[in-house]
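Please examine the sequence and the coordinates before reading the points below.

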Amino acid sequence: MTAVVHPAVPRRHLPAMAAAVVVAGLAVSAWGPRERGTWFLETVWVLVGLPLVVLAWRRFPLTNLLCCLLAVHALVLAVGGHYTYAQVPLGDWVRDTCGLARNPYDRFGHLMQGFVPAVLVRELLSRTSPLRGSRWLAPLTVCACLAFSAVFEMLEWLAAVIGGHSADAFLATQGDVWDTQWDMFCALIGATVSVLVLSRLHDRQLDALGVSRPYAGAGSTTAPRTNTVRTMRPLP
């Protein structure tokens, strides 16, 4: 007699598996990083975010899609923190192979800075606001990611003012005077692609969580527009 494994079982365990991978990745990246301060600055988002997700899980479980993306993003940050973004070996290989002028891992990191937070912002807005099903959801999600990228660049600027040349590894500008603009542009591209490619899959997973579509007004994609007649009460 063979045991039948319900297909939902691995899906239930997926968030825990993702968290375990993140913890293991952080532990490995913390072992002998090139610059301890840079490692902390690059991974502080994970060090703060993972406990918050765990503590809020019973009241606010995330979709499996978001869990997987957050885990991948955490590993990207861990690698960048261990080597510093300008010296990641994989980025050096891509630079030498493609004849690039700089290590592109920093650009990839900022693409992820838009791609992954787009799903996070979309999930938060879909579950805590009346925007789910609205045509405003996509542009507002991209705008939020671009705003976050701009705030991150301000934090890098602050680190440069405070740390001087000691913050060069964290900034990873590699001599590019337009690095800030490129970083925000990469985040914009990542957020836009994420919304265009993952929205339908994300909606299906939100439906599986029982998230309703509360918005049904003008601009809604889930309900036809209807004309309403307003009646005016006579003034006393």
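Residues are numbered from 1 along each chain as its sequence is written, and side-chain values use heavy atoms, with hydrogens and water left out.

**Confidence**

- The mean pLDDT (the predictor's confidence in each residue, from 0 to 100) of the protein chain is 82, and 77% of the residues score at least 70.
- Confidence is highest in helix α3 (residues 64-83), at a mean of 95, and lowest in helix α7 (residues 168-171), at 53.
- Over residues 1-9, pLDDT stays under 50, and the model has 0 contacts beyond four places in sequence for this stretch; contact means heavy atoms within 4.5 Å.
- Residues 215-232 also have pLDDT under 50 throughout, with 18 contacts beyond four places in sequence.
- Where pLDDT is low, the predicted coordinates should not be read in detail.

**Overall fold**

- The protein chain contains 8 helices and 0 strands; helices (H or I, at least four residues) and strands (E, at least two) are DSSP runs, numbered from the N terminus.
- Along the sequence, the pattern is α-α-α-α-α-α-α-α.
- Of the 236 residues in the protein chain, 36% count as buried, where buried means under 20% relative accessible area, exposed over 50% and partly exposed in between, with a 1.4 Å probe and protein chains only.
- Among contacts between residues at least 6 apart in sequence, 74% join residues at least 24 apart.

**Helix packing**

- Two packed helices are described by the angle between their axes and the distance between the axes. Axes are lines fitted to C-alpha atoms, for helices over the stretch in contact, and angles run from 0 to 180 degrees between N-to-C directions.
- Helix α5 (residues 105-128) and helix α8 (residues 179-208) have axes that come within 6 Å and cross at roughly 40°. Therefore α5 is oblique to α8; angles under 35 degrees count as roughly parallel, over 145 as roughly antiparallel, 65 to 115 as roughly perpendicular and the rest as oblique.
- The residues of the contact of α5 with α8 comprise 13 nonpolar, 8 polar and 8 charged. Here Ala, Val, Leu, Ile, Met, Phe, Trp, Tyr, Cys and Pro count as nonpolar, Asp, Glu, Lys and Arg as charged, and the others, Gly among them, as polar.
- The axes of α3 and α8 lie 8 Å apart, at an angle of about 125°, so α3 is oblique to α8.
- Asn 64, Leu 65 and Leu 69 of α3 meet Leu 198, Leu 201, His 202 and Gln 205 of α8 in this contact, whose residues divide into 4 nonpolar, 3 polar and no charged.

**Individual residues**

- His 202 is located in helix α8 and counts as buried, at 1% relative accessibility. Apart from neighbours within four places in sequence, His 202 contacts Thr 63, Leu 65, Val 119, Arg 122 and Glu 123.
- Thr 84 occupies the loop between α3 and α4 (89-98) and is buried, with a relative accessible area of 1%. Phi of Thr 84 is near 75°, a positive value in a residue other than glycine. Most residues other than glycine have a negative phi.
- Val 54 belongs to helix α2 (residues 36-55) and is exposed, with a relative accessible area of 55%. Val 54 and Ala 19 are 35 residues apart in sequence, while their C-alpha atoms are 8.8 Å apart in space.

Methods
Predicted model: local features only at pLDDT ≥ 70, side-chain atom pairs only at ≥ 80, totals over all residues.
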